[in-house]
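Here is a friendly briefing to read alongside the model. Please keep the structure open as you go through the points.

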Amino acid sequence: MRPDHPLILLVAILTACVTSTASAGVAEGLDAYSRFQFAEARKELTEPAAKGDPDAMALMGDMLMRGTAGPRDEIRARDYLSQSEKLGSLYGKYFLGWALINGHLFPKDEAKGIDLIKDAANKGLAIAQNAMGWWIATGAFGYEKNDAIALTWFKASAEKNHSGSMNWLAGFHEQGRGGLTKDPLAALELFKKSATRGNHVGMIALGRMYATGVGVPADGQEGLKWFYMAVPSRDPNAFLWIANVFEFGRGGLSKDLSLAYSWQYALPPTATAEQIKESNEAKERLAKTLSRTEIDEAARQSRGVVESAMASARASSTLQLGAGSSSNRQGVYGSGVVVSKAGDIITNEHVIQGCANVRIQPQGNAVRIVAKDEKNDLALLRVEGIRIPSVRTRTGRGIRLGDELVAVGYPLRGLISSGPTVTTGIVNALSGVNNDTSAFQMSATVQPGSSGGPIVDTHGLLVGIVRSRLLPSGPISPQNVNFGINLATVQSFLDAHGVDYESSAVGNKPMSVGDVTALTQRSTVQVECY
């Protein structure tokens, strides 16, 4: 199975970012379009397009041209695309550009189409920025191949939640392209973000990583879940990977050669010559073990197997991919620290964002969400009925450049230790990204799952909360750049919500890292959505 399919993109249906100026209804339609929920997008955009909204006309023009989630209407599509571009819509530029490049609805004019898309990209349209990155990464339309320049376009687009660019960035991280160090964990996180936005390429890539154990422990069941989610797209790669999992029993699953044959037999007619060859070779292998009767039965069952998977995928997508759905946060986890005798716990807001229910481990107790501060990325939880030792916050002199720090948390669950993990470092800067004064930079390593954990000094006193790390990207590849929320911001949040936390001044003699860890880990918990 070739690993390069994350970089295969269907340009005509790449996602678009939602502009802040979009009117009511249009914003919802743009968001639905970006999540591949085209029926909902049509529903929201039909009326605004008819009333002359430029962005609505652009997206409706694209869907009417292709017959997406409804009937084709090429006359109206051509009118919408022309008008939206004349009215200054960047989406209009983008979709009209592709229509001219491909000679759809308009006489073919590749040069003009490229210029329109480039202009939209330079003006910040995510979907157009993705196209520029794609052209430069592959050397398309006369552009010279340059991974480093392509990476800057993908990064700009991905920052606007464009799922196609997330796939490209993930592929660059996984393969070490564009000057990046190979980082399967960064790739995994990006593919997951793309998949949860409904991008089937991201789903297949994420399933592949789980099925083969790239960046995570091999988990065939989790891999199948994402492959099944991609089945409604009819992407042949999803069918090939499902068959592969059953044929070889990947990720701890039992082999099922009949099911493997069913999925190979069901390969969609859109498969490329290479995919057909791969499927035929697999069927030949399976035929050496299966009887003629078993093969005939597997072929007969293929349609039902696919229909069942598609029904299951559509039901799952309603729960897992819907905007704002709480169910899509199941299984998400981070870290937290107990800060009061009453059982108050502080963590990051992004850890519990969208969670229907939250519990802490290893205690297994459900907790209540008391307060959230999205701007400063803080959340206050409360656990009742059990007593967990709390940390003390630091008073007096604040942290300085070069001060030693200890961070405790529960990163990389299932990949490394199931217990708390400790990292050490120093204070690198007293502000965060873009001189954010609510944060500080440190060299103590941060990994997925560390978010919300305590950062303490050499006296075991709380000086901050783990927030994030800066992922390597672009020609300059930052390494081990991590950020914490400073104590002043944390204390203001706690004070605003009446938390009775305890404080202590810095002592004369610092403790060993081992003693600091032993003290802090008693108060550190894993925070989990369920």
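Contact here means heavy atoms within 4.5 Å. This is a predicted model, in which local features need pLDDT of at least 70 and side-chain atom pairs count only at pLDDT 80 or more, while totals for chains, interfaces and linings use all residues. Residues are numbered from 1 along each chain as its sequence is written, and side-chain values use heavy atoms, with hydrogens and water left out.

**Overall picture**
- The chain holds 19 helices and 14 strands; helices (H or I, at least four residues) and strands (E, at least two) are DSSP runs, numbered from the N terminus.
- Of its 530 residues, 52% count as buried, meaning under 20% relative accessible area with a 1.4 Å probe, protein chains only.
- Among contacts in the chain with a separation of 6 or more, 62% come from residues 24 or more positions apart.

**The α6 and α7 pair**
- Two packed helices are described by the angle between their axes and the distance between the axes.
- For α6 (residues 110-122) and α7 (residues 126-138), the axes come within 7 Å and cross at roughly 115°; axes are lines fitted to C-alpha atoms, for helices over the stretch in contact, and angles run from 0 to 180 degrees between N-to-C directions.
- The crossing of α6 past α7 is left-handed, that is, the near helix is turned anticlockwise from the far one by less than a right angle.
- From α6, Ile114, Ile117, Lys118, Ala120 and Ala121 meet Ala128, Gln129, Ala131, Met132 and Trp135 of α7.
- By class, this contact of α6 with α7 has eight nonpolar, one polar and one charged residues, where Ala, Val, Leu, Ile, Met, Phe, Trp, Tyr, Cys and Pro count as nonpolar, Asp, Glu, Lys and Arg as charged, and the others, Gly among them, as polar.

**The barrel and its helix**
- Six strands close into a barrel in the order β1-β2-β5-β4-β3-β14, with antiparallel pairing; two strands pair if DSSP finds at least two bridges between them.
- From one strand to the next, the twist averages 40°.
- The antiparallel strands β3 and β14 are joined by four bridges, and Ile360 has Val527 in β14 as its bridge partner.
- Helix α18 (residues 487-496) lies across β2 (344-347), β4 (365-373) and β5 (378-382), and runs at about 50° to β5.

**The disulfide**
- Cys355 and Cys529 are joined by a disulfide, S to S 1.7 Å, under the rule that the cysteine sulfur atoms lie within 2.5 Å.
- This pair links distant parts of the chain, 174 residues apart: Cys355 is in the loop between α17 (349-352) and β3 (358-361), and Cys529 is in strand β14 (residues 524-529).
- Both Cys355 and Cys529 are buried.

Note on methods: Buried means under 20% relative accessible area, exposed over 50%, partly exposed in between (1.4 Å probe, protein chains only).
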